[in-house]
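This briefing is meant to be read alongside the model. Please keep the sequence and the coordinates open while going through the points.

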Amino acid sequence: MSGFWKGRRVLITGASGFLGAWLARPLVDGGAEVRGFDLTEGACLGVHGLADRVPITRGSVLEAAALERVIREHRTEVCFHLAGQSMIEGAAAGPLAALEVNVRGTWTVLEACRRAGTIRAVVCASSNHTYGPQTTAPFPEDAPLNQLDVYGASKACADVITRCFAHSFGLNAVAVRNVNSFGPGDPHTTHIVTGSILSLLRGEPPVIRSDGSPVKAYLHARDTMEAYALLAEHAGDPRVRGQAFNVTPAAPVSVLDLLRTLIKVSGRPVEPVVAASDLSQKGFFEHLSGEKLARVLGWRPRLTLEEGLRDTYAWYAKHGTGWIGG
Ligand SMILES: NC(=O)c1ccc[n+]([C@@H]2O[C@H](COP(=O)([O-])OP(=O)(O)OC[C@H]3O[C@@H](n4cnc5c(N)ncnc54)[C@H](O)[C@@H]3O)[C@@H](O)[C@H]2O)c1
């Protein structure tokens, strides 16, 4: 971490979630005064030993007055906005609530930041999932945002609104389109890496619901959140302000290859079961380009897929899932 964070006053919305906690870790280590804003206190900060180091103000990002209060009281200089509906299936099951929290929640956070007058950077979580089907690959940031399911549409709106606040009001706001993150302390046991590790630890082969063909990229949460921190540091740079950035490893993998690598690091003598019970993503191909972030800020992931999976598997082998909800 650079010296930028020493004494820096930071607010993370969604700090109780998986990535919020992974973001708090390097910021606290770098000397920042980190506060969270979240509906819940969750268990993720505890995974990082931060439950007492990162106070959470309980509230909703839909409550403008509560947000403004915490931003002002904390004299917040950097705001990371991660709170919202993070699950594709959850958004599909509750579209109005997902659109409200992901879209209205984003403009509410941005407007609170704008009004506070203390903010020098706002970094908002967009998503890889905004791209959807494309005609060429890898996808640069100016590729069309074609994903029209509820989650993808909500994140595309949040992405545009974030950039709008930079272009319209001069806020140093950045939208981050990070790929699927995995790592220790993921409470979402339906995520493919987490769920498959838990299957392996039960002595069961992981089950692939698709035919194994969908291609996506996966990144260890430590790498993902280091990119968020770096973007915040440089949010005032005209090459960064008002921009969207992909955060991705160089190459995506098929679900089948992902699980083969995971099984290899587990050392278990099993093969994944290809159930092919859900073929809705058959042939899906998602390959984001990481060229822009590498060129502008020199960011590259530090862990290979295999190293990241090894770290994650070892953590779950030691800690299991008892910490979730605790
Ligand atoms: N995890 C990934 O692989 C991934 C990939 C791309 C983008 N993202 C985005 O990154 C962000 C963080 O993802 P995550 O995996 O940590 O999600 P998460 O579900 O673990 O955490 C989200 C947090 O937001 C909080 N929250 C929900 N509604 C709220 C509200 N109205 N007010 C205040 N807090 C609220 C939840 O309590 C939770 O702690 C999300 O915006 C997600 O869409 C995640």
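Arg75 sits in the loop between helix 3 (64–73) and strand 4, where helices (H or I, at least four residues) and strands (E, at least two) are DSSP runs, numbered from the N terminus. The phi angle of Arg75 is near 50°, a positive value in a residue other than glycine. This is a predicted model, in which local features need pLDDT of at least 70 and side-chain atom pairs count only at pLDDT 80 or more, whereas totals for chains, interfaces and linings use all residues. Residues are numbered from 1 along each chain as its sequence is written.

**Backbone details**

**Overall build**
- The protein contains eleven helices and 13 strands, and its C-alpha trace spans about 55 × 45 × 40 Å along the principal axes.
- For 326 residues a compact globule would have a radius of gyration near 20 Å, and the 19 Å of the protein agrees with this; the radius is taken over C-alpha atoms, and the globule rule is 2.2 Å times the number of residues to the power 0.38.

- Seven strands form an open sheet in the order 3-2-1-4-5-6-11, with parallel pairing, two strands being counted as paired if DSSP finds at least two bridges between them.
- Strand 3 (56–58) and strand 11 (244–247) stand at the edges with a single partner strand each, so one side of each has no neighbour in the sheet.
- Neighbouring strands of this sheet are turned by 20° against each other on average, direction ignored; axes are lines fitted to C-alpha atoms, for helices over the stretch in contact, and angles run from 0 to 180 degrees between N-to-C directions.
- Strand 5 (residues 121–125) pairs with strand 6 (residues 173–178) in the parallel sense over four bridges, and Val123 has Val174 of strand 6 as its bridge partner.
- Helix 5 (residues 95–116) packs on the sheet, where it touches strand 1 (9–13), strand 4 (78–81), strand 5 and strand 6, and its direction makes about 175° with that of strand 4.

**The ligand shell**
- Around the ligand there are 26 residues, of which Gly14, Gly17, Leu19, Ala83 and Ser86 come nearest; a residue counts as near if its C-beta atom, placed from the backbone, lies within 6 Å of the molecule.
- Helix 1 (18–29), helix 5 and strand 7 (180–182) each supply at least two residues of this shell, and helix 1 gives the most, with three residues.
- By class, the shell has nine nonpolar, 16 polar and one charged residues, with Ala, Val, Leu, Ile, Met, Phe, Trp, Tyr, Cys and Pro counted as nonpolar, Asp, Glu, Lys and Arg as charged, and the others, Gly among them, as polar.

Methods
Two residues are in contact if their C-beta atoms, placed from the backbone, lie within 7 Å.
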